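Open the model in your viewer and keep the selection tool at hand. The stops below follow one another, and each begins with something to select.

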Amino acid sequence: MEVREISALAARVERMYMAVVAVVVMGVVYSALCVAEGVGDLIYWWGQCGVGVVLCVQGARVWWANVAYPWWVKRQGLVAKPVLDLQRPTPPQPAEPSLPEEDHIQKVSTLRATEQYAEARAAAQAGLTDYPTSLPLLTLLCKAANDEASANHKGAVQENALRAGCKAASLLIKHHPGEAVGYRWRAVLEGRLSSYKPTKEKIAGAMGIRDDALKAIELDPTDPISLHVMGAWCHGVAKISWIERKAAAALFGTPPTSTLEEALEYLKRADAIEAFTENSMLIGDCLKELKKLDEADSFYEAAIRQIQGPKDPVALKAKIVKKMTKKKGK
């Protein structure tokens, strides 16, 4: 006999036992009511017999669970399990981690340092299998996804990397809501992912990007990335097209507003903490749109000097030089 057949038999015995108990209890209650009404001793004794039946059934149940069932299983060469546990699935035990958390972190960091960004993202995801709430591994996954997206300028590879990074950032916020890093990376990655979304979704998501950036700044006012994202958001809203403004008004009633001056305030705060290419280039754009051309060129020149990381330096330099109002031959 198979274990599942024995399990089914045990379940039937349990059901029969519960049925007998229910019938006898009903009989005892009925007998008590009859005696109270003076119907006679016969029904009273019938109720007492019912109690005896319950005790006998209980004894048989104990005998089955502790004597008959183990003997039967042993005779069949099967592994004995307590009858009462047959209907209770054993909860899965967590697997032992394949590597210490520090080893996973070191592996991802090494892959990023050697510009193997897809491999770094895969290694971070593998590490999260062992440590699903790890702050360092979730952060590294966001960084690796952002690096991979930067190395692949457009297309499905970039979109998939950005979506993976957004998911990791949301997990960071879920497991570590008091840390700025999750809000910062979700704002960064959602901002980049918006280029793959239709206008309506892009506008709806813009408010979430703003909220994440402001929350990150609230938790860590010295983070240049969060300040840059907020500056970029203000710049984008200040330059929003008529069609997008109408769509925003339909979604929110009053569309979001901002100015180039507000964008510059955030961007220059970021620049004072840490200067980097994207921020310097966007400061140059804001200044150029405000007709402050000489100052804009100085930030474009700074942006060229700051080029680093997973970017094509020649193409990026050409893009920045094209923005400059003077010295285009440099």
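**Stop 1: two packed helices**

Helix 9 and helix 11 are roughly antiparallel to each other, a label used for angles over 145 degrees. The model is predicted: local features need pLDDT of at least 70 and side-chain atom pairs count only at pLDDT 80 or more, while totals for chains, interfaces and linings use all residues. Residues are numbered from 1 along each chain as its sequence is written, and side-chain values use heavy atoms, with hydrogens and water left out.

Select residues 224–238 for helix 9 and residues 260–273 for helix 11. Helices here are DSSP runs of H or I with at least four residues, numbered from the N terminus. The two pack at an angle of about 160°, and their axes lie 8 Å apart. Axes are lines fitted to C-alpha atoms over the stretch in contact, and angles run from 0 to 180 degrees between N-to-C directions.

Which residues make the contact? On helix 9 they include P224, L227, M230, C234 and H235, and on helix 11 they include L260, A263, Y266 and I273. Contact means heavy atoms within 4.5 Å. By class, the contact of helix 9 with helix 11 has twelve nonpolar, three polar and two charged residues. Ala, Val, Leu, Ile, Met, Phe, Trp, Tyr, Cys and Pro count as nonpolar, Asp, Glu, Lys and Arg as charged, and the others, Gly among them, as polar.

**Stop 2: H235**

Now select H235, which sits in helix 9. Is H235 buried or exposed? H235 is buried, with a relative accessible area of 11%; buried means under 20%, exposed over 50% and partly exposed in between, with a 1.4 Å probe and protein chains only. Not counting residues up to four places away in sequence, H235 touches L260, A263, L282, D285, C286 and E289.

**Stop 3: the cysteines**

Select C234, which is buried at a relative accessible area of 1%. The closest cysteine sulfur to that of C234 is in C286, 9.2 Å away and so too far for a bond. Then move to C142, also buried, at 0%. Its closest cysteine sulfur is in C166, at 8.3 Å, again too far for a bond. How many disulfides are there? The count comes to zero, where a disulfide is a pair of cysteine sulfur atoms within 2.5 Å.

**Stop 4: K323**

Finish at K323 in helix 14, residues 313–323. Leaving aside neighbours within four places in sequence, K323 is in contact with M281, D285, K288 and Y300.

Terms used. Parallel < 35°, antiparallel > 145°, perpendicular 65-115°, else oblique.
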